[in-house]
Amino acid sequence: MASLRVLVGCKRVIDYAVKVRVRPDKLGVVTDGVKHSMNPFDEIAIEEAVRLKEKKIAKEIVAVSCGPAKCQETLRTALAMGADRAIHVEIAEKEYEGIGPLQVSKMLAKLAKDEDANLFIVGKQAIDDDCNQTGQMLASYLDWPQATFASEVVVEDGDLKVTREVDGGLETVKVKMPCVITADLRLNEPRYATLPNIMKAKKKPMLKKKPADLGVDMTPHVEVLKVDDPPTREAGVKVESAEELVSKLKDVGCI
Amino acid sequence: MQKTARLFTTGLQLRTIHRSFLKRALSSVSEDQSSISIADDVVNTFKSVLGSHNVSSSLAVREHHGKDESYHKCVPPDIVVWPESVDKVCEVVKLCSKYSIPMVPFGSGTGLEGAATGIRGSVCIDMTKMDKIVEVNPDDFDVTVESGVTRNMLNSYLRDTGLWFPIDPGADATVCGMCATSASGTNAVRYGTMRENVMNLQVVLANGSVIDTAGKGKRSRKTSAGYNLTNLFVGSEGTLGIITKATIRLHGIPESMVSAVCTFDTVQSAVDTVTQVMQCGIPVSRIEFLDEVMIDACNKYNNVDYKIAPTLFLEFQGNDKVVDDQAKTVAELVEYNGGSDFTWAKDVDERNKLWKARHSAWYSTLALRPGAKGLSTDVCVPISKLPEVIVATKEDLKHSSVIGPIVGHVGDGNFHVFMNVDPENQDEIDEARRLAERMARRAIAVGGTCTGEHGIGLGKKQLLIEEIGETGVATMKQIKATLDPKGLFNPDKVFL
């Protein structure tokens, strides 16, 4: 039955456990010497693809990443988790700072066509920019259906039944393939890369491409003006009575 | 200061020094815990050395640092300080030595024996701002961490390397805190305890000097060079020096894990199964026993529905073939002992569901009576003695008013009775302590220990003497007196 070729987008981001600091030039955050890892939602995406392969629904998993040279580390992790091969769209550091979901989704769309993908899974958003746009733009460029915020994916009669986490609760949709899915937190619990798999991953093929190969215009569309720390928390004020509390709340216009 | 008669045994000498400085420290303390006895100018000296944001005398902060997860009462230290580097720790130690102020190092406060509880007139040294993971060496399977790094923090950092730090005491303790208490956990049967997994420690000594117990930057897998200072400090519970950095062994993340649960009609048959599994040499990675009282508590807390009977939770790790073989062999032993309902799971979600009950044991027990605190026993005996000791313990509990579910790392011969006590009811606490002491003495009598993994802390000082013997404890005190002549490192803990 295994027939699907699944592409999974992985982004290299600052590790979720790091205490992020603003750069002195206030145009970004400090990334030098800071621990980076795969975007947690992309780990979930890879895990879902690997599970589809274990269930013999997917026949090949291709992990893709767009960014500077270090993205290869992220792709190796994806390979160690069970992806079969990887594609790295290499973008120089300076150029990478200027682009976002708009350009990345164009690159992924071209790759999806070139690789004849049946399914593209990405994390719902990256934890560094929280854009939550790449999956949706990707589907649009490909003119494919999309099922976002997936918390469960089931194959049913050749289509996919996806349960989505939405504000009101859970919504189930049926999508025909080829389609785009964006992975949400509760879709699965990603496996750890084990030593033997890390060893095997070193031998799996990793192809390098450039944005020009994919015909994508890298002109920045967004300019970051300023990055600031959130304001430091002020000390609280103790009040003596409920009446005083009410009057203070009135003073600041809360009630 | 009173003149004291000159006494020649170091133990008594230590005690007189201790008494005299305590007298000075406590001389101006009022009964109100919110006041402190350390003079203002001394507090200001700490602030100028560490930065005023790294020193606190607020009551809430002091109370937080005056207790751990045990039933021992909260005793707030006078001030809490946060050194951000080993140099600052040295300065704190030198200051405390100059003014004869006792020091209590503090990690995550998850201890179970009161070792990190405050002392009147003391400085609590909160190590958590020193939270760098200094160096990972994936090829050599070792990592060096500062004292504020917790084990979950470390394992999260390591997750892409294929390595992990498997020692799992349940709580998210700091790695150096685990060194100080010689921690262990559910995985010890396979991976050992801290004693086997610490390669090097950076320690600040009483005179403010810094040592690396195995030498600076040394991380060989084995060594015969000089005295084993590393293991001297492992388990010293903050009484010999302040640990600021640890180099520890890592292990490969297992490729495959299978978890299993099975129930038995009697405690005896469950524990017999354990001893047989160990005697077969099966390298099981977790083997945990829960008695029916504990299962009932876990059912209630987690809203699950396990059969209320003595239960074994097991985990096998390794490659696919190995775990399957191990699981099959153990299934046969279970059947041989009349066990039933052998359920097993390989899938991570299923496994987590199976183990949820075991992991929530402490909180499930406390939830039986909201507001209750837990007194945990920690006896560890040779495996062959385990069945008789657990059965005798259950008998004791049957004849007592205290609720005491049992959970145990039975593969090591270690089990805990989590006694549920009302902290305001002295009778209950006394009854729980009586039972705990009875269990400890029974364990000592069969060649075991009163504390397999939690430490001596505040509550087991007398048992330490009974277990090790007077001469042994006197030797320990000699070492203490040599390394801490003024008796300022966590006084009142470990020794009477």
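This is a predicted model: local features need pLDDT of at least 70, side-chain atom pairs count only at pLDDT 80 or more; totals for chains, interfaces and linings use all residues.
On one side, 16 residues of chain B take part, and they are in contact with 15 residues of chain A. Together the two chains bury about 1400 Å², and carbon and sulfur atoms account for 50% of that area. Charged pairing is also present, with three salt bridges counted between chain B and chain A. A pair to look for in the structure is A:K19 with B:D131, which form a salt bridge in which the closest N and O atoms are 2.8 Å apart. Polar contacts between chain B and chain A come to six residue pairs, with both residues of each pair at pLDDT 80 or more. On the side of chain B that touches chain A, the elements giving two or more residues are α5 (151-158) and α13 (348-359) of chain B. Of these, α13(B) supplies the largest share, namely three residues. The make-up of this side of chain B by class is six nonpolar, five polar and five charged residues.

Turning to chain A, an unreviewed UniProt entry annotates residues 26-218 with the feature "domain: Electron transfer flavoprotein alpha/beta-subunit N-terminal".

On one side, 16 residues of chain B take part, and they are in contact with 15 residues of chain A. Together the two chains bury about 1400 Å², and carbon and sulfur atoms account for 50% of that area. Charged pairing is also present, with three salt bridges counted between chain B and chain A. A pair to look for in the structure is A:K19 with B:D131, which form a salt bridge in which the closest N and O atoms are 2.8 Å apart. Polar contacts between chain B and chain A come to six residue pairs, with both residues of each pair at pLDDT 80 or more. On the side of chain B that touches chain A, the elements giving two or more residues are α5 (151-158) and α13 (348-359) of chain B. The largest share of this side, three residues, is supplied by α13(B). By class, this side of chain B is made up of six nonpolar, five polar and five charged residues.

Turning to chain A, an unreviewed UniProt entry annotates residues 26-218 with the feature "domain: Electron transfer flavoprotein alpha/beta-subunit N-terminal". Strand β7 (residues 146-156) of chain A pairs with two other strands, β10(A) and β8(A). With strand β10 (residues 179-183) of chain A, the pairing of β7(A) is parallel and spans three bridges; here A:A147 is found opposite A:I181. With strand β8 (residues 159-166) of chain A, β7(A) runs antiparallel and is joined by six bridges. Within this pairing, A:A150 has A:R164 of β8(A) as its bridge partner.

β7(A) and β8(A) form a hairpin with two residues between the strands, where A:D157 adopts a positive phi near 50 degrees. A:F149, which belongs to strand β7 of chain A, likewise has a positive phi, of about 55 degrees, although it is not a glycine. A cis peptide bond links A:M177 to A:P178, with omega near 0 degrees. A:P178 sits in the loop between β9 (169-175) and β10 of chain A.

In chain B, the UniProt annotation "domain: FAD-binding PCMH-type", from an unreviewed entry, covers residues 72-253. The chain over residues 72-253 of chain B is 22% helix and 24% strand, with the end C-alpha atoms 37 Å apart. Chain B has an open sheet of four strands, ordered β1-β2-β4-β3, in which the pairing is mixed. At its edges are β1 (55-56) and β3 (103-106) of chain B, each of which pairs on one side only. β1(B) runs antiparallel to strand β2 (residues 79-81) of chain B, and two bridges join them. In this pairing B:S56 faces B:V80 of β2(B). Elsewhere in chain B, B:F141 is a residue other than glycine with a positive phi, near 60 degrees. B:F141 is placed in the loop between β5 (133-137) and β6 (142-146) of chain B.

Notes:
Residues are numbered from 1 along each chain as its sequence is written. Chains are lettered from A and ligands numbered from 1 in the order in which they are written. Side-chain values use heavy atoms; hydrogens and water are left out. Contact means heavy atoms within 4.5 Å. Buried area is the accessible area (1.4 Å probe) that two parts lose on being put together, summed over both. A salt bridge is a side-chain nitrogen of Lys or Arg within 4 Å of a carboxyl oxygen of Asp or Glu. A polar contact is a pair of N or O atoms within 3.5 Å; within protein, one must be able to donate a hydrogen and the other to accept it, and residues adjacent in sequence count only if both atoms are side-chain atoms. Ala, Val, Leu, Ile, Met, Phe, Trp, Tyr, Cys and Pro count as nonpolar, Asp, Glu, Lys and Arg as charged, and the others, Gly among them, as polar. UniProt positions are given in the numbering used here, feature names are shortened, and annotations may be inferred rather than shown by experiment. Two strands pair if DSSP finds at least two bridges between them.
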